[in-house]
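Please keep the sequence and the coordinates at hand while reading.

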Amino acid sequence: MKAIVLLLTAVTTIALARPDARPPAKSVKSAPPKNHLVQAGSAIAPDPDNGGIKLATGFGALVFADNLGKARHLVVDNAGTVFVKLEKLNDGKGIVELNDTNGDGRADQTVMFGNNTGTGMGIYNDYLYASSDTSVYRYKLTNGKVMETTPAEPIVVGLTLQRQHASKSLAISPDGKLFVNFGAPSNACQEKDRQKGSKGMDPCPILEEYGGIWLFDANKLNQHKADGKRYATGIRNAVSLDWNTATNSLYALQHGRDNLNNWGGVFTDELSAELPSEEFLMVKEGSDFGWPYCYNDHFKNKKFLAPEYGGDGTKEDRCAGKDKPIMAFPAHWAPNDLLFYTATGANSFPARYKNGAFVCFHGSWNRAPLKQGGYFVAFIPFGKDGRPSGKYEVFAENFAGVAEQGKPGTDVNAGKLDLASPGDAKARPVGLAQGPDGSLYISDSVKGKVWRVMYTAKK
């Protein structure tokens, strides 16, 4: 569950390098009155075209905000305030706060603050948490507000910037455990990264500092990497993290490796477009999911030895004892956010969605000779055992704005679309958040659109 607390609109820009400095003035933009203003308490209508996306039956969507910049993860507080992290600074700011002040269901006030780009967002214990690629920090709330002179408090500092898989996505448990992704700055821990014929280092030295999830204390300031604890290993890169309150445990989705076809033979271009799997992981303390030595094959439901370590597509070897995913998806779909749905109010989604998982597939760039895949939001029903109770299904699609083969509400042709290059996509879903009324918010990394999805049919 992505925890939420009350946070109102006063925010500020804080320089982490000078936490005692008075921040620059706030950047505030207010939209003019809209002609679709509704009366307080009346139902909020979705856009006629659902903001351009296609949804499962019974749902509607509206564009809550647009043109924010290259968005990443987002969170929503109890008052309905939406906070969006940016990959690149917009007008010198890295976090966008969005408020609907007239009750029409759409943001009409935008406040930008913070001077760090990044990915991770969370709200816990009267603090707004965020991450850059080298730090985790938070903003203290005072009477539900971040005061103009309130500094950004450093939680995890001094991290080394890596050239790949640097996003410090995060999740916070209700008792204050802070989980941070440390993606491996490598594809397969080769002696020469991504080079044909280069063998894998054995043992892989990268695993000492990366390729896993680290645990910190969300309530403690100025922690360094050494103050944390490696909670799980063998994970190449987990941009998607969330704490499941129904099972009181951590879950993640792994971005599988690339370039199996560098090894030729059985590892054809077509096979490399479909393997290895993107893995849905139930993460326990001490879990080892096998990277870089192993890759997952969802067709055979097994983990096999990677070719860099002598694998030929049939050898399990050391991989037979590695932890397995609870569900697997086709290669390169890029799962970039995970949300366990917990809303229970009158306007929440139907009961089958309760405690189920939404997964945001950002979409591939390297499925040649096949067309690109992903670019949709999936829903996975969960059972009481903390595992999927059914197949994944398309929940929202048509973000890319090209012909889709998928059918919302089913897994038929999920993630298949007529897209040759990711640069041709009009939008790419990247973040998920739950609103206090049960709405699902989805962010876009191309231009920074935010959709608000609501259940519109009668229960």
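**Cores, disulfides and salt bridges**

In the largest nonpolar core, which has 33 residues, Tyr129, Val136, Leu178 and Cys204 touch the most other members. A nonpolar core here is a set of buried Ala, Val, Leu, Ile, Met, Phe, Trp, Tyr and Cys residues joined through side-chain atoms within 4.5 Å. Buried means under 20% relative accessible area, exposed over 50%, and partly exposed in between, with a 1.4 Å probe and protein chains only. At least two residues of this core come from each of β9 (127-131), β11 (152-156), β12 (170-172), β13 (177-182), β14 (212-217), β19 (294-297) and β20. Strand β13 gives the largest share, three residues. Strands (E, at least two residues) and helices (H or I, at least four) are DSSP runs, numbered from the N terminus. Apart from this core lies another, of 24 residues, including Ile53, Ala61, Phe358 and Ala396.

The model is predicted: local features need pLDDT of at least 70 and side-chain atom pairs count only at pLDDT 80 or more, whereas totals for chains, interfaces and linings use all residues. Residues are numbered from 1 along each chain as its sequence is written, and side-chain values use heavy atoms, with hydrogens and water left out.

Leaving aside neighbours within four places in sequence, cysteine 204 is in contact (heavy atoms within 4.5 Å) with Cys189, Trp291, Pro292, Tyr293 and Tyr309. Cysteine 189 is also the disulfide partner of cysteine 204, at an S to S distance of 2.1 Å. A disulfide is taken as a pair of cysteine sulfur atoms within 2.5 Å. The torsion about this S-S bond, between cysteine 189 and cysteine 204, is about 100°, so the disulfide is right-handed. Both cysteine 189 and cysteine 204 lie in the loop between β13 and β14, so the bond ties together parts that are 15 residues apart in sequence. Cysteine 189 is buried at 0% relative accessible area, and cysteine 204 is buried at 4%.

The whole structure has two disulfides. Cysteine 294 is joined to cysteine 319, again with an S to S distance of 2.1 Å. Here the torsion about the S-S bond of cysteine 294 and cysteine 319 is about -95°, so the disulfide is left-handed. Cysteine 294 is in strand β19 and cysteine 319 in the loop between β20 and β21 (327-329), 25 residues apart. Cysteine 294 is buried at 7% and cysteine 319 at 0%. Counting bonded cysteines along the chain, the pattern is 1-2, 3-4.

Charged pairs come next. The structure holds 19 salt bridges, each a side-chain nitrogen of Lys or Arg within 4 Å of a carboxyl oxygen of Asp or Glu. In one of them, aspartate 258 meets arginine 236 at 3.3 Å, N to O. Aspartate 258 lies in the loop between β17 (249-254) and α1 (269-274) and arginine 236 in the loop between β15 (229-233) and β16 (240-244), so the pair ties together parts 22 residues apart in sequence. Aspartate 258 is buried at 6% and arginine 236 at 3%.

Lysine 303 and glutamate 279 form a salt bridge at 3.0 Å, N to O. Lysine 303 is in strand β20 (residues 302-305) and glutamate 279 in strand β18 (residues 278-283), 24 residues apart. Lysine 303 is buried at 1%, and glutamate 279 is buried at 4%.
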